[in-house]
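Reader: Please put the model up, and let us go through its local features and pockets together.

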Amino acid sequence: MRVPIDWLREYVAVPTDARGTDVAAALVKVGLEEEGIHGGDITGPVVVGRVISKEPQEQKNGKTINWCQVDVGDANGTGEPQGIVCGAHNFDVGDWVVCVLPGAVLPGGFAISARKTYGHVSAGMICAADELGLPDDGSGGIIRLAERVPGVEFTTGQDALPILGLDRETVEINVTPDRGYCFCLRGVAREYSHSTGAVFTDPVDDLARRAPAANDSGFGVQVADDAPLGGKVGCTRYVARTVRGIDPSAPTPEWMATRLTEAGMRPISLAVDVTNYVMLALGQPLHVFDVDTLTGPIVVRRARAGEKLTTLDDVERTLDVEDLLITDAGEKPLAIAGVMGGEDSEVSESTRNVLIEAARFDQVSIARSARRHKLATEASKRFERGVDPELAPAAAQLAIDLLVEFGGGTVDEGVTDVHTPVEQPVITIGVEQPGRLVGVDYSADDVRGVLELIGCTVEGDGDTLSVTPPTWRPDLTTWPDLAEEVARIKGYDAIPSIVPAAPGGRGLTPAQSGRRLAADVLAARGFSEIWSAPFVAVELFDQLGYPADDPRRTTVRVANPLSEQEPLIRTAVLPNVLESLRRNASRGQRDVALFEHGLVVAGPAGRAPTFPVGTYPGADAVRAIQDAVPAQPRHIAWALAGDVEKAGWWGAGRTADWSDAIDAALALGDALAVPLQVRTGAVAPFHPGRCAEVVLPDGTVIGAAGELHPKVVGALGLSGRPVGGELDLDALIAASTTPQAAGLSNFPIVQSDIALTVDAQVRAGEVLATLRSAAGDDLEQIQLFDSYEGDQVGEGKKSLAFRMTFRADRTLKTEEVNALRDAAVAAAGREHAAVLRGA
C-alpha cells in the first residue's frame with residue numbers, strides 16, 4: 001500500500017516538517033513495515049523558465065524541432081538565456097515552462113547534461129509531464145505552468161519542484177492479511193494517530209451524516225444467494241445510488257490524478273478514477289455500471305453451471321457454481337462480485353448515467369473466486385481481508401460528491417440499501433490476561449485505554465471486560481487478539497527480550513541424531529548434500545527400469561503440482577540425486593559425489609473424506625484423514641560419477657565403481673552400530689551383475705547399491721558409469737544400538753585361512769555368515785580375501801577364500817583353533833554344500 005504523505009495529512013495531523021522516513025518510522029512502531037519511500041527523487045536544478053524565442057527548424061528526416069531561448073534567471077549561474085532544443089509544439093513565446101538544467105537527475109536515474117543535437121548545443125530540457133513522473137494534463141506535451149497551476153505568480157529561475165508537488169513523498173508499507181483496514185488512507189491515518197498521538201479526523205463521520213437513508217424509489221436490488229458458502233450469505237450489504245447527466249468529456253482533476261499516480265494507480269477516466277480514489281481513501285471498493293445498459297433490477301446470485309462472462313480484461317471466463325455474480329435482472333451476468341466487472345456494462349466514453357455499487361461481500365467467497373480465475377484485483381485484495389460493513393453508505397456519498405462536483409451530474413433521490421446486519425462478537429477478557437500473555441505488567445487502565453483507542457466498545461469495571469470490536473476490525477475475534485493489540489499499541493519495544501531457559505532432559509530425538517550422524521558420515525567421505533523437490537515425472541518409472549509390479553510405481557498424484565511435468569510424489573530419493581548429478585555434469589563438474597535424505601511415499605493412499613472449511617470435523621474424521629495418508633519413510637540416497645581418487649604426479653587416479661557405492665552403505669551401518677550385510681542382488685535401476693542388496697542382521701532388506709544399468713544411464717541423460725545407492729534410513733536408525741566399548745586383550749591372535757569350493761550361484765555373504773555363527777565366540781574377525789572361478793575348481797563352481805582370526809582370554813592352542821575352524825567348515829558344508837579345497 002502506497003501512502004502519499006500530503007494525502008495522509010487530510011485525515012491526521014502529520015507535522016509539516018515530517019519526511020517520509022519519519023512517517024515510516026511511526027508506522028513501523030504499530031506493525032506496518034516499511035517497503036520503500038517514493039518521490040523526492042528528482043535532484044538538481046528544475047526551475048521555472050519563460051520562453052523568449054522559438055525558431056522552428058525542419059530537419060532532413062522530415063521532423064521539425066524548435067530552437068528555443070529560455071529565460072531561467074540566475075539558475076544557470078550566468079543570468080543569460082538558456083538555449084534548448086525541443087521537439088514539442090504545444091507552447092509559444094511568453095509561456096511559463098519547466099526547465100531541467102544540466103546536472104539534474106530525473107526519475108529513473110536519467111541524468112541531464114548539455115549535449116549537441118540537431119546542430120545546436122541543448123543546455124537542458126523543456127519538460128513534459130511524463131518526463132517528471134506526473135500524470136498527463138491532457139495536452140500530451142510541454143507543461144504550461146499558467147494552465148497547470150492557475151493563479152500562481154512565477155519568477156524566472158524559481159524552484160519548480162514545490163510548485164508541481166514533486167517534492168512530495170509517498171511511503172510504501174506492507175499490510176499483513178489481518179490488517180485489511182490499512183489498505184486505505186483512513187486506516188493508515190488511524191494507525192499513525194495511535195503511534196504518535198496526532199489528532200485523527202475520520203472522514204467517514206461527516207459523509208455518514210450526509211448520506212440519505214434508504215427509500216423505496218432507489219434502483220432495484222435483490223440478494224438471491226441460494227447457495228451460501230459455508231453457511232454464509234455472499235452479500236450482506238448492497239448500496240446503490242444513481243448519478244445522471246455526467247459530462248463524458250469531463251477530465252479527472254489534476255490533484256486527484258496526482259494522488260492516484262502517487263498511490264500506484266493509473267488515471268483512466270473521471271468515473272473510474274473516482275471509484276479508485278474512494279477505495280484508496282476509505283477502503284471501500286466501488287463499481288460503476290452504465291445505467292442505460294441495464295434492463296432490470298440488480299440481482300446478486302451464484303453462477304449457474306457452464307455460465308460464461310467476458311471480464312474487463314477481455315477474457316471469456318467459464319464460471320463456477322460458487323462464484324458470486326452481479327446480474328442484470330437475474331439473467332445477464334454483469335460482474336464477478338468483488339473481483340472484476342464485465343465488459344458489457346462497463347463505463348465508456350459516452351456514458352452519462354451511472355449506477356454506483358458499494359457492497360460488502362463474504363471474504364471466503366471473494367478469495368476463492370479471485371484464486372479460481374487468477375484475478376488478484378485491488379478490490380478482491382480488500383474484500384477478502386474484510387471490508388467495514390458500515391462503510392458503504394459513506395463511500396457511495398463521497399463518490400457522488402466527486403462526480404457531481406467534477407462531472408456536472410445530478411443525483412437521483414432514490415437510495416437502495418439492502419442490508420443484513422453483521423453481529424459483532426462480544427469478547428470477554430481479564431484485565432490481567434494481556435500482561436500474562438505478553439510478559440509486561442499492563443495496568444487495567446492501560447488495557448481499557450488501548451481497547452477504546454482502537455475503536456472497541458468496552459463494558460465492565462471489574463477484573464473482567466466485555467469488548468465489542470469496531471466494525472472495521474474483523475480480525476479481532478478472541479481475547480489473545482485483543483491482548484496483541486494492547487502489546488502493539490503500548491509498543492513492542494516495551495516487551496523485554498528474555499530468552500527462556502531450556503528445560504533439561506530434552507534435545508534431539510534418537511531419530512534426529514541418527515539423521516544428522518548419517519549426513520555427517522557421507523559429508524566426511526566427500527559427498528555434498530543437496531535438497532530437491534520431492535516430485536517426479538510420470539515417465540520416470542519406465543526410465544528407471546522398474547518392473548510392472550514394482551511397488552515403487554505406486555504413488556500419489558498431486559492435484560495442483562508445482563510443475564505439470566512432475567505431478568507425482570517420489571517413491572525413492574535416488575532419482576532426484578541422479579537428476580542433480582546430471583545437472584552438475586552438464587555444467588562441467590566431471591567428478592561429483594552427492595547425497596540427500598528425505599521423505600518418500602511407500603504404499604497406496606486411501607480416500608480421505610472432505611469437510612467444510614472453517615469447522616472442526618471431529619476426532620473420528622481426523623483419524624480417517626490420517627489413515628488415508630500413505631506411509632512416508634525417510635530414505636537416504638547417494639551417487640558418484642568421475643574420479644574418487646585424483647590423478648597426479650603421484651600416479652594414476654581411480655574412477656568410482658560399484659564398490660564405492662557399497663562402501664558408503666556399510667559406512668552408514670558402522671556409524672549407527674548396525675552390522676549391515678550385503679549380498680548379490682538384481683534391483684532396478686542397478687546393473688544386475690554389479691548390484692548388492694543391503695540387509696539388516698535380522699534379514700530385512702533396507703536398500704541396494706551398485707552401478708547403474710546402462711539403459712538407465714542413457715534414459716536419464718547421464719554419461720559414463722555412475723554408481724549410487726539408497727537405504728531406508730528410518731529402518732536403519734530403528735535397528736541402531738548403542739555400541740559398547742570392548743576391552744583390549746593382552747593375548748595373541750591366531751589366524752587360519754580356508755578355501756571353500758561352492759556352487760557358483762551361492763552368495764559369498766551367506767557363506768561368511770554361516771562361518772561366523774558356527775566358529776564360536778572366540779572368532780574375532782572373518783574376511784573374504786579371494787574369489788576365484790576357473791578350470792581349477794570346475795565348471796559351475798567357485799572358490800571362496802576366508803581369513804579367520806581367533807582370540808580368547810587366554811593363549812589359544814593349535815588344537816582349539818583347528819576344532820573351531822573345522823566346526824565352521826562343517827556348518828558351511830551342511831548349509832551350502834561347501835567343500836574344503838585340498839581335503
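Reader: Where is the place of Pro685 in the fold?
Author: This is a predicted model, in which local features need pLDDT of at least 70 and side-chain atom pairs pLDDT 80 or more, while totals for chains, interfaces and linings use all residues. Numbering starts from 1 along each chain as its sequence is written, and side-chain values use heavy atoms, without hydrogens or water. Helices (H or I, at least four residues) and strands (E, at least two) are DSSP runs numbered from the N terminus. On that scheme, Pro685 sits in the loop between β34 and β35.

Reader: Is the peptide bond from Ala684 to Pro685 cis or trans?
Author: Most peptide bonds are trans. Here omega is near 10°, which makes the bond from Ala684 to Pro685 cis.

Reader: Is Asp314 buried or exposed?
Author: Asp314 has a positive phi of about 65° although it is not a glycine, and it lies in the loop between β17 and β18. Buried means under 20% relative accessible area and exposed over 50%, with partly exposed in between (1.4 Å probe, protein chains only). At 60%, Asp314 is exposed.

Reader: What is the volume of the largest pocket?
Author: On a 1 Å grid over the protein atoms alone, a pocket is an open set of points where a 1.4 Å probe fits, with protein on both sides within 12 Å along at least five of seven lines. Grid points are joined across faces, edges and corners, and the volume is the space filled by probe spheres set on them. For the largest pocket this comes to about 1200 Å³.

Reader: Which element gives the largest share of the lining of the largest pocket?
Author: Lining residues have an atom within 4 Å of a point, and there are 39 of them here, with Gln677, Val678, Arg679, Ala764 and Gly765 nearest the centre. Among the elements that each supply at least two are β34, α22 and β39. The largest share, seven residues, comes from α19.

Reader: Which element gives the most to the lining of the second largest pocket?
Author: That pocket has a volume of about 760 Å³. Of its 30 lining residues, Val272, Asn276, Leu286, His287 and Leu312 are the closest to its centre. With four residues, the element that gives the most is α8.

Reader: How many residues are in the largest nonpolar core?
Author: A nonpolar core is a set of buried Ala, Val, Leu, Ile, Met, Phe, Trp, Tyr and Cys residues joined through side-chain atoms within 4.5 Å. In the largest one, Leu8, Ile173, Val278, Leu282 and Leu403 have the most contacts (heavy atoms within 4.5 Å), and the residues number 61.
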